[in-house]
Structure formats: structure tokens, C-alpha cells
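Here is a short briefing on one protein chain. Keep the structure open as you read, and find each residue as it is named.

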Amino acid sequence: MNEATESGCIVDRQAAIDEPLLPSLTQLTHWVSCVFAHHPDDKRLEVTIRFVDELESQTLNRDYRSKDKTTNVLSFPFESPPGVDLPLLGDLVICHAVVAKEASEQGKSIEHHYAHMVIHGILHLMGYDHIDDHEAEEMEQFERELLAELNIPDPYADNTHALNGDHI
């Protein structure tokens, strides 16, 4: 199922697991739109968000990143073939079990942690990264600002945890 917003962004929500605590399409679209609002010139406005179990997360992480372990979020940017102009930004794959465990361990609501994972993943799809300290600081500050717009507390406030999600 997918939903288009006034800004023109389209979110395709896929659930490969049966889990009642997954974010709704409306929530996902709201979070994605928040990021896109800060990139009005970006015309890649379509994203797929897929919720998976630990096995699928681990398999994708192993096959695409050579890391044989589960992870919270994987980002797969869309690379358009030459001469093909499509508005696709890419895909996010989110492992519910990892997100739920992290939220519990970090004393956060699962909804707030999901919002953070979605925003973090969308920023990766847009080219943001956290490989070096300067990039990490810039990306984390932008995440803080976006989450504050959504009335979600700073996920890095206690600085005792790190994201284990990655992009492809």
C-alpha cells in the first residue's frame, strides 16, 4: 500500500511480518515528508519502506554488506540507469525486532525510535553519511532538528548508544 502527500512524496509500505506495533502508512508518510520538506528541489520523491524479520535483515546485511548480523535499518539508494529518469529515491529495510529491542534498551517509545530510524534511513538515501566524525555530527544534528519538528526528543541526548543501521 502507498500514500501520496501534498508535497508529492509517495511512500510504499511493505510488511513482511505480522506485527501490530509497526508504524502506519500515515506515520511513515508524515516522517518522510518532514525530511523532504527540507529538500524542496529533490525530485526523487518515492520511497519504499519494508518491515522484515531478523532472518531477512541478516541475509540482506550479509549479502549486500558482508556483515552477517541483523541491523536496524538498511538503505538501498535507487540508481537510475542512463537515460531513465524516475522519481525513485530508494528502499529502506527495517528490522522490527532490532528496533523494538533498541527502543526498550534506550528507554524510548517504539514510535519515536521508528521515526528516528525512518528519518536516518531517508537521509542515507539522500546521500548523508556518518563514516567520519564531521559527517556524523552534521547528520546527527539534522536528525535532531527534524525529530524536534515532530516533537520527538533528541535520540542522542544521553550519547550512550549508537545506531547500528547502515546503508548500501
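His120 is buried, with a relative accessible area of 1%. This comes from a predicted model. His120 sits in helix H4. Helix H4 is also the place of His124. The relative accessible area of His124 is 3%, so His124 is buried too, as the cut-off is under 20%.

**What the record says**

- UniProt lists His120, His124 and His130 under "binding site".
- The entry behind that listing is unreviewed.

**The chain as a whole**

- The protein chain has five helices and six strands.
- The chain has 168 residues, and buried residues make up 45% of them.
- Take the contacts between residues at least 6 apart in sequence: 61% of these join residues at least 24 apart.

**Helix H4 against helix H5**

- Helix H4 covers residues 110–125, and helix H5 covers residues 133–149.
- The two helices pack at an angle of about 130 degrees.
- Their axes are 10 Å apart.
- H4 and H5 are therefore oblique to each other.
- Their crossing is right-handed.
- On the H4 side, the contact is made by Ala115, His116, Ile119, His120, Leu123 and His124.
- On the H5 side, Met139, Phe142, Glu143, Leu146 and Leu147 take part.
- By class, this contact of H4 with H5 has seven nonpolar, three polar and one charged residues.
- His120 and His124, listed by UniProt under "binding site", are among the H4 residues in this contact.

**Helix H1 against helix H4**

- Helix H1 spans residues 25–36.
- H1 and H4 pack at an angle of about 45 degrees, and their axes are 9 Å apart.
- H1 and H4 are therefore oblique to each other.
- The crossing of H1 and H4 is right-handed.
- H1 brings Gln27, Leu28, Trp31, Val32, Val35 and Phe36 to the contact.
- H4 meets them with Glu111, Tyr114, Ala115, Val118, Ile119, Ile122 and Leu123.
- By class, the contact of H1 with H4 has 11 nonpolar, one polar and one charged residues.

**Helix H3 against helix H4**

- Helix H3 runs over residues 96–105.
- H3 and H4 pack at an angle of about 120 degrees, with axes 9 Å apart.
- That makes H3 oblique to H4.
- H3 passes H4 in a right-handed crossing.
- His96, Val99, Ala100, Glu102 and Ala103 of H3 meet Ile110, His113, Tyr114 and Met117 of H4.
- By class, the contact of H3 with H4 has six nonpolar, two polar and one charged residues.

**A closer look at Phe36**

- Phe36 lies in helix H1.
- Is Phe36 buried or exposed? Its relative accessible area is 4%, so Phe36 is buried.
- How far apart are Phe36 and Cys9 in sequence and in space? They are 27 residues apart in sequence and 7.7 Å apart in space, C-alpha to C-alpha.
- Set aside the neighbours of Phe36 within four places in sequence. Phe36 is then in contact with Cys9, Arg44, Leu45, Leu89, Ile122 and Met126.
- One of these partners, Ile122, also takes part in the contact of H1 with H4.

Notes. Residues numbered from 1 in each chain as written. Predicted model: local features only at pLDDT ≥ 70, side-chain atom pairs only at ≥ 80, totals over all residues. Heavy atoms only, no water. Axes fitted to C-alpha atoms, helices over the stretch in contact; angles between N-to-C directions. Helix = DSSP H or I, 4+ residues; strand = E, 2+ residues; numbered from the N terminus. Parallel < 35°, antiparallel > 145°, perpendicular 65-115°, else oblique. Left-handed = near helix turned anticlockwise from the far one by under 90°. Contact = heavy atoms within 4.5 Å. Nonpolar A, V, L, I, M, F, W, Y, C, P; charged D, E, K, R; others polar. UniProt positions renumbered as here; feature names shortened; annotations may be inferred. Buried < 20%, exposed > 50% of the residue type's maximum accessible area, 1.4 Å probe, protein only.
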